[in-house]
Structures are given as structure tokens and as C-alpha cells.
Amino acid sequence: MSLFKTPQVVLFSMDLPRTARFYEALGFEEVFRTPTEGSPIHVDLVLDGYRIGLASEGSTRDDHGLEPVVRGQRAAVILWTDDAAASYARLQEVGATPVKEPEPWLGRLLIAWVEDPDGHLIQVAEAV
């Protein structure tokens, strides 16, 4: 029997409501929010059965005594797609910053890179 289950990645956010709206515009659905009223300090979102969390920079610092890194390329959200070019364009339409246009990789993938509103990397990957 495994001691652990249901892994989840949480991204730290400087503007949690804005970043939650960004991921919702990509098709993620909100499944958890605290507090339930007013400005959230944590939001969980699900897409295709996979869950990511967003935590506010202030709450992470004030509630947990941690020093969150809210900008930079420390991790990436990978979104598989059937159309890397259209996905790359859609990400920019909803507020992502372009990093690298779709390009072949390993002879079997087409990948592109953007940053979400907090600067976290998002890679779109298409099997070709």
C-alpha cells in the first residue's frame, strides 16, 4: 500500500483571481476555493481529471511562514493538444506571454512555450 496519493502541483500567484480567470479561460474548472466569499487565498482547478492549485503569495507567506517564489521558470505546466499552433495562439488570446513558437522536438513532438500571468511556464505539446 502506498503512503501517498493524488499528487497536485500548486503555483504561487501575485494576483490569484487574475491567474484563476486565465486558467478557466483555457477550460480548467474551479473545484475548490478558500475563503468561499471575497478574495481567495487558494483555488484548485481541474482539466481532464488533473488538478492544479493556485495559492496567493501573501497567504503562503503569512499563513505558512514560507517565502514563495512567484516569478521565474522554476516549473512548467504541460498541456497536451492536437493542435500546437492553435493552442499557442489561444494562450496568447487569453493573456499568456509568448516565449517560443511551436517547433519540432525529438522528431515526434511539436512544442511551444508561453508564460501565464504570473510568469510560470506553460508548454503545449502535440504528438506528430
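The model is predicted, so local features need pLDDT of at least 70 and side-chain atom pairs count only at pLDDT 80 or more, while totals for chains, interfaces and linings use all residues. Residues are numbered from 1 along each chain as its sequence is written, and side-chain values use heavy atoms, with hydrogens and water left out.

**The chain as a whole**

Let's start with the big picture. The protein chain has three helices and eight strands. Here helices (H or I, at least four residues) and strands (E, at least two) are DSSP runs, numbered from the N terminus. Along the sequence, they follow the pattern β-α-β-β-β-α-β-α-β-β-β. The radius of gyration of the chain is 15 Å, close to the 14 Å that the globule rule gives for 128 residues, so the chain is as compact as a globular protein of that length. That radius is taken over C-alpha atoms, and the globule rule is 2.2 Å times the number of residues to the power 0.38. Along the principal axes, the C-alpha atoms fill a box of roughly 45 × 40 × 25 Å.

Two strands pair if DSSP finds at least two bridges between them. Strand S3 (residues 42–47) pairs with S4 in the antiparallel sense over six bridges, and Val 43 has Leu 54 in S4 as its bridge partner.

Axes are lines fitted to C-alpha atoms, for helices over the stretch in contact (heavy atoms within 4.5 Å). Angles run from 0 to 180 degrees between N-to-C directions.

**The sheet with S5 to S8**

Another open sheet of four strands has the order S5-S8-S7-S6, again with mixed pairing. Its edge strands are S5 (76–80) and S6 (97–105), each pairing on one side only. The twist averages 20° from one strand to the next. Helix H3 (residues 84–93) packs on this sheet, touching S6, S7 and strand S8 (121–127), and its direction makes about 175° with that of S6.

How many residues lie between S6 and S7 in their hairpin? There are three, and Leu 106 in the turn has a positive phi of about 65°. S6 and S7 (residues 109–115) pair in the antiparallel sense over six bridges. Glu 103 stands opposite Ile 111 in S7, and Pro 104 has Leu 110 as its bridge partner.

**Two pockets**

A pocket is an open set of points on a 1 Å grid over the protein atoms alone, where a 1.4 Å probe fits, with protein on both sides within 12 Å along at least five of seven lines; lining residues have an atom within 4 Å of a point. Grid points are joined across faces, edges and corners, and a volume is the space filled by probe spheres set on the points.

| Pocket | Volume | Lining |
|---|---|---|
| Largest | about 570 Å³ | 16 nonpolar, four polar, three charged |

Ala, Val, Leu, Ile, Met, Phe, Trp, Tyr, Cys and Pro count as nonpolar, Asp, Glu, Lys and Arg as charged, and the others, Gly among them, as polar. S5 gives the most to the lining of the largest pocket, with five residues.
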